[in-house]
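Biologist: Could you take me through this model? I should like to begin with the overall fold and then look at individual residues.

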Amino acid sequence: MAAQRPESKRGALRDGFLCALGLTYGHRTADDERSLLRGALWLATQQQDDGSVVTSDEREPVTQGLIFQTSNCLDAWAEALKQGDNPKLHAAAARGLAYLEQAEPVTTQDEVFK
């Protein structure tokens, strides 16, 4: 089996975290809240200088796109910020929103989220 590219591993981690976030919307334990905060802070380290968060899923026919991925990360940051103020998450969210305001849709998923 071929070795997985580092970006593919990071992409899988991002996607897994975002799925786990969705599973806990109805009920969160204290452990869930701590995991959410750690995951959201990690997502912030994956953000590009322009505010976008890249995706590793570029399979046709549906390529996820930067708008889609960045929008999902903003959701995670907003959920984590409900726990309390965090300057790193505020900064990540501000950069992400600034990116979304100027980004042009490239993929079908981008068009849905723009």
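Modeller: What follows goes from the overall fold to the helices and then to the salt bridges. Please keep in mind that this is a predicted model.

Biologist: Understood. How many helices and strands does the secondary structure come to?

Modeller: It comes to five helices and zero strands. Read along the sequence, the pattern is α-α-α-α-α.

Biologist: And what share of the residues is buried?

Modeller: Of the 114 residues in the protein, 39% are buried. The accessible surface comes to about 6,900 Å², and carbon and sulfur atoms account for 57% of that surface.

Biologist: Among contacts between residues at least 6 apart in sequence, what share joins residues at least 24 apart?

Modeller: The share is 69%.

Biologist: Let us turn to H2. Which of its residues are buried?

Modeller: The buried residues of H2 are Leu-36, Gly-39, Ala-40, Leu-43 and Ala-44. Viewed down the helix axis, they fall within an arc of 145°, so they line one face of H2.

Biologist: What is exposed on the other side of H2?

Modeller: Arg-38 and Thr-45 are exposed there.

Biologist: Why does Leu-36 count as buried?

Modeller: Its relative accessibility is 3%, and the cut-off for a buried residue is under 20%. Leu-36 therefore counts as buried. It sits in helix H2, which covers residues 30-45.

Biologist: How far is Leu-36 from Ala-76, in sequence and in space?

Modeller: They are 40 residues apart in sequence, and their C-alpha atoms are 7.7 Å apart in space.

Biologist: Now H4. What should its 16 residues span, and how far apart are its end C-alpha atoms?

Modeller: At 1.5 Å a residue, helix H4 (residues 87-102) should span 22 Å. The end C-alpha atoms are 23 Å apart, which agrees.

Biologist: Which residues of H4 are buried?

Modeller: Those are Leu-89, Ala-92, Ala-93, Gly-96, Tyr-99 and Leu-100. They cover an arc of only 125° around the axis, which puts them on the same side of H4. The face turned away from that buried side carries the exposed residues Pro-87 and Glu-101.

Biologist: What do the buried residues of H4 pack against?

Modeller: They pack against H2 and helix H3, the latter being residues 66-81.

Biologist: Which residue caps the N-terminal end of H4?

Modeller: Asn-86 does so, with a side-chain oxygen 3.0 Å from the backbone nitrogen of Lys-88.

Biologist: A change of topic: how many salt bridges does the structure hold?

Modeller: It holds two. In one of them, the side chains of Arg-34 and Asp-31 meet at 2.1 Å, N to O. In the other, the side chains of Lys-82 and Glu-79 meet at 2.8 Å, N to O.

Biologist: Where do Arg-34 and Asp-31 lie?

Modeller: Both are in helix H2, three residues apart, which is about one turn of the helix. As a general point, an α-helix has 3.6 residues a turn, so residues three or four places apart point the same way.

Biologist: And the other pair: are Lys-82 and Glu-79 buried or exposed?

Modeller: Lys-82 is exposed, with a relative accessible area of 63%, whereas Glu-79 is buried, with 9%.

Biologist: Finally, what is the relative accessible area of Arg-34?

Modeller: It is 43%, and Arg-34 is partly exposed.

Methods
Residues are numbered from 1 along each chain as its sequence is written. This is a predicted model: local features need pLDDT of at least 70, side-chain atom pairs count only at pLDDT 80 or more; totals for chains, interfaces and linings use all residues. Side-chain values use heavy atoms; hydrogens and water are left out. Helices (H or I, at least four residues) and strands (E, at least two) are DSSP runs, numbered from the N terminus. Buried means under 20% relative accessible area, exposed over 50%, partly exposed in between (1.4 Å probe, protein chains only). A salt bridge is a side-chain nitrogen of Lys or Arg within 4 Å of a carboxyl oxygen of Asp or Glu. The expected span of a helix is 1.5 Å times one less than its number of residues. The arc is that of the directions from the helix axis to the C-beta atoms. Contact means heavy atoms within 4.5 Å. A polar contact is a pair of N or O atoms within 3.5 Å; within protein, one must be able to donate a hydrogen and the other to accept it, and residues adjacent in sequence count only if both atoms are side-chain atoms. Accessible areas come from the Shrake-Rupley method with a 1.4 Å probe; for residues, only the protein chains shown count as cover.
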